[in-house]
Amino acid sequence: MSEAVAPRLAAAPMPGRFAIFWRSFAENRGAVMGLGLMVVLVIVAALADLIAPHSPIEQYRAAFLAPPVWQEGGSWTFILGTDDVGRDILSRLIYGARLSLVIGLSVVALSLTTGTVLGLTAAFAGGVVDMFIMRVMDIILVFPSLLLAIVIVAILGPGMFNAMLAVAIVTLPGFTRLSRASALSELARDYVTATRSAGASTFRLMFDTVLPNCTAPLIVQASLGFSTAILDAAALGFLGLGAQPPTPEWGTMLAGALQYYQRAWWVLAFPGFAILLTVLAFNLFGDGLRDALDPKLKR
Amino acid sequence: MSTALMQATDLRRHYPVGGGLFGKKGLVKAVDGVSFTLREGETLAIVGESGCGKSTLARMATLLEPPTEGELAIDGHPTATASATARRDLRLSVQMVFQNPYGSLNPRKTVGAILQEPLAINNRGDGPAREAAARAMMRKVGLRDDQFTRYPHMFSGGQRQRIAIARALMLNPRVVVADEPVSALDVSIQAQVLNLMMDLQEEFRLAYLFISHDLSVVRHIARDVMVMYCGRPVEQGSKDTIFTDARHPYTRMLLAATPSVDPAHRKVTEVIKGELPSPLNPPPGCAFASRCPHSTDICTAERPALREVAGHGVACHHAEAIG
Amino acid sequence: MKLLEIRNLAVEFATSRGRFRAVDGVDLTLDAGEILCVVGESGSGKSVTMLALMGLIAWPGKVSADVMRFDGTDLLGLSPRQRRKLIGRDIAMVFQEPMTSLNPCYPVGWQIAEALRAHAAVPRAKVRDRVVELLDQVGIPAPASRMGAFPHQLSGGMNQRVMIAMAIACTPRLLIADEPTTALDVTIQKQILDLLIGLQRQHGMGLVLITHDMGVVAETAQRVQVMYAGQMVEEQGTDGLFATPRHPYTAALLDALPERAMGRPRLPTIPGMVPGIDDRPDGCLFNPRCRFTFDRCITTPPALASIGDARARCHTPLDGQGRPA
């Protein structure tokens, strides 16, 4: 065994995994922009108590539908104006960011964990279990997602928690199918067989051996699922099935503002704009992530 | 005579295929009647082309798949009747080395973690003892100590194969099943890995079930050889008799087809024709008959049994006439 | 006139860690009707050399050469359009993976016909007959009925025959086969090699066979080039190469073959491995692994030296007894 590599052949240190990832991620300008927006959003949400000029639910009776500062009649007190009951829109948006992130995070966390467990179970168990899980997912996929979410909320009763649950159920099949597919392709590889013949339990194989190698597509799906969750939750809020007034949820804000769209455009425009920007940020970030993590797209 | 570590008696593995909604059900006999004895410190090579059943045989030998019929005994213990815990211990005494060094190591774990994993799974030793054992094994297979915390993607194919061999030996197995362990490697690296395997065999008295399609590698490393065709052994015996006095037309075709750097080999003019028949619904009689230059009526009618000719087993009706 | 003449070919890739010369200083000449084997381990640059010849090196690769001529035509000065006319008609290539080199969406007959149509090699009405004739020529049984078969319905060996039929469709004068049998079983490999050599003789083509298998080299080539780390290290006639290798790398490679180690308990090995992008040594690229390293080898890159009928990139080419001169 004297063939051990001679010291003068020692290779230079390879760049770490993260450095390689960052290099290809940073090439995508949109993705970096999305990441920047996300960071801003997180900071705003975290520091809402400090930066919001007003309470999100306090009604200023002196200023119903006050216009934004740059428009005639606007004032620096209410930079983006007030809504029909005199609440400061900027403050509501800032607190709404917190809500949206919480919604996105919990929905993704819920459907990611459940979906991964279901997908891995289906992949490992095979046969009837696999068939059962995947057919249930197919049934969920048959319905238009928003329609299904509405049905679920209608059964459970309106409210923010139920809306989140409904959106989580609707996004479940994506995670389940993805984790099943990548687990199946990993299962066919030799290192899994090697670990198995070392006596590893199925549980260990699932979560210690296979799952860490399936994370790349799941991370991408999660970041894209984040924006879907925010969008769907806003839609439910808009339909009056999600967060209830006076919670400063963006979708709910839109719903309340609908009748003023001719008189006071700002009540409608700013929450819509906030939703648009957030969804865009997560989508750009998710796309960038996919490009950076998917070896097939590398050159 | 050293002890028999693995004894296979008439192993068979059949897979039902097709069916579906409209299709006809079929039966693929991936392995159909294989017997062998593998002793301590010896190497039995399984030779054959793709689809001959050698990989299925490897999966049965590592107890990853039960045989449909037949009996496999490890160290004298029959595996079929063993209790669950005894089976588990038997399984641990057979470890595997794979063909593709790029797929056989978990890309998310360091070399150190990969080597310690078998010990951790089986609760052998404590943390420091496992690490010491892993480091010792690394040195044995010719890797440097500072490579302990590196990930598989930082290694070349040959180094990865060393890691895979080290991992297989962590549980002190008696038998190592090596499925084409050097065929993905370059010639110069292949020689390093073959030497390593032979060194380790001497040191640990390992028995190798060495699966390969490369006859020159087999000739170098093996003591006994089994040539398989369509799931059945067609010629089986000691390396010396098979390489010098092959009696089965398929073995002879393989020998003739293997390119050689020896100018004398270029004079061989064995007819090489045809391809492997479909494993589904194989013809009655000898599976090789359609490609065989010596084929007669009896070959398509009656399946030849493995019988003793020229000092080794041959499954051919015309074995005496050939050679 | 030489059919193919390449002098001082270099292929460079711009990587994130600087420029990397995948191929450096490769000369390649071939007469019509000659079989040349290019042999080397993975990463030796043998495939990149051929891709450069075919003009298939994509950005960020850069090809340069002093001379690159095919049958008197300067390949470097060709427009992409002229090059496309030449490639596929006069120069054809067969790849390693027959399964992935064929388009799975179309029947094999159609794919061969496409090659014929692209170069208008035969009148439209005759295309079908020509395809059947080609399939028959490459030894596919019942060619007329196999025309409609899809690649997944054929075995690896049959698909490689189809690839060869496609390559010879326009009767090229130069055929490049890049590891054409590596993915195939031994008995099929033998059939495919026999087919290639048969076709080469029949049509008087030049054949460049790229392989890593010394056995294949010994049984097919007339002349051999050995590549190591992007450089051609030795060139010699086949019999000479196997009898008296001149470069220490070639000698070590032959010694490492199990076939040559009959009766010896252990194989002679080459320590270490092929240098990658980051660890190119100074001087001779083989010096860290060489049995006979002198001071000069570590400081000065050797040029190609002639010794007997051979050329070797070594300061001290081996003599007939395997000792440095």
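Predicted model: local features only at pLDDT ≥ 70, side-chain atom pairs only at ≥ 80, totals over all residues.
Reader: How many salt bridges does the rule find across the interface of chain C and chain B?

Author: A salt bridge is judged by a distance, since a side-chain nitrogen of Lys or Arg has to lie within 4 Å of a carboxyl oxygen of Asp or Glu. By that rule there are 2 salt bridges across the interface of chain C and chain B. One of them joins Arg266(C) to Asp199(B), with the closest N and O atoms 2.7 Å apart.

Reader: What do the corresponding values look like for chain B and chain A?

Author: Here 35 residues of chain B are in contact with 24 residues of chain A. The area buried between chain B and chain A is about 2600 Å², with 53% given by carbon and sulfur atoms. In chain B, the residues losing the most area to chain A are Phe98(B), Arg108(B) and Ile121(B), together 20% of what that side buries. The count of salt bridges between chain B and chain A is 2, and Glu117(B) forms a salt bridge with Arg204(A), where the closest N and O atoms are 3.8 Å apart. Across this interface 7 residue pairs are in polar contact, again with both at pLDDT 80 or more. Two or more residues on the side of chain B that touches chain A come from each of helix H2 (84-92), helix H3 (111-121), H5 and helix H6 (187-204) of chain B. The residues of that side divide into 13 nonpolar, 11 polar and 11 charged.

Reader: I would next like to read a sheet; in what order do the 8 strands of the open sheet in chain C lie?

Author: The order is S7-S8-S9-S3-S10-S11-S13-S12 in chain C, and the pairing is mixed. Strands S7 (91-94) and S12 (304-307) of chain C stand at the edges with a single partner strand each, so one side of each is left without a neighbour in the sheet. From one strand to the next, the twist averages 20°. S12(C) pairs with strand S13 (residues 310-313) of chain C in the antiparallel sense over 4 bridges, and Ala305(C) stands opposite Ala312(C) in S13(C).

Reader: Which strands of the sheet does H7(C) touch?

Author: H7(C) packs on the sheet and touches S7 and strand S8 (174-178) of chain C, its direction making about 175° with that of S7(C). Helix H11 (residues 248-255) of chain C also packs on the sheet, touching strands S10 (223-228) and S11 (231-237) of chain C, and its direction makes about 100° with that of S10(C).

Reader: How should I read the backbone angles?

Author: Most residues other than glycine have a negative phi, and most peptide bonds are trans. In chain B, Asn172(B) has a positive phi, near 50°, and Asn172(B) is placed in the loop between helix H5 (157-169) and strand S7 (175-179) of chain B. In chain A, the peptide bond from Pro245(A) to Pro246(A) is cis, with omega near 5°, and Pro246(A) is found in the loop between helix H10 (215-238) and helix H11 (250-257) of chain A.

Reader: How many helices and strands does chain A have?

Author: Chain A has 12 helices and 0 strands, and its C-alpha atoms fill a box of roughly 85 × 55 × 30 Å along the principal axes.

Reader: How many salt bridges does a search of the whole structure find?

Author: Over all chains, the search finds 49 salt bridges. One example within chain B has the side chains of Glu320(B) and Arg307(B) meeting at 2.8 Å, N to O. Glu320(B) lies in the segment after strand S12 (312-314) and Arg307(B) in strand S11 (residues 307-309) of chain B, so the pair ties together parts that are 13 residues apart in sequence.

Notes
Residues numbered from 1 in each chain as written. Chains lettered and ligands numbered in written order. Heavy atoms only, no water. Pairing = 2+ DSSP bridges. Axes fitted to C-alpha atoms, helices over the stretch in contact; angles between N-to-C directions. Contact = heavy atoms within 4.5 Å. Buried area = accessible area lost by both parts, 1.4 Å probe. Polar contact = N/O pair within 3.5 Å; in protein donor to acceptor, adjacent residues only side chain to side chain. Nonpolar A, V, L, I, M, F, W, Y, C, P; charged D, E, K, R; others polar.
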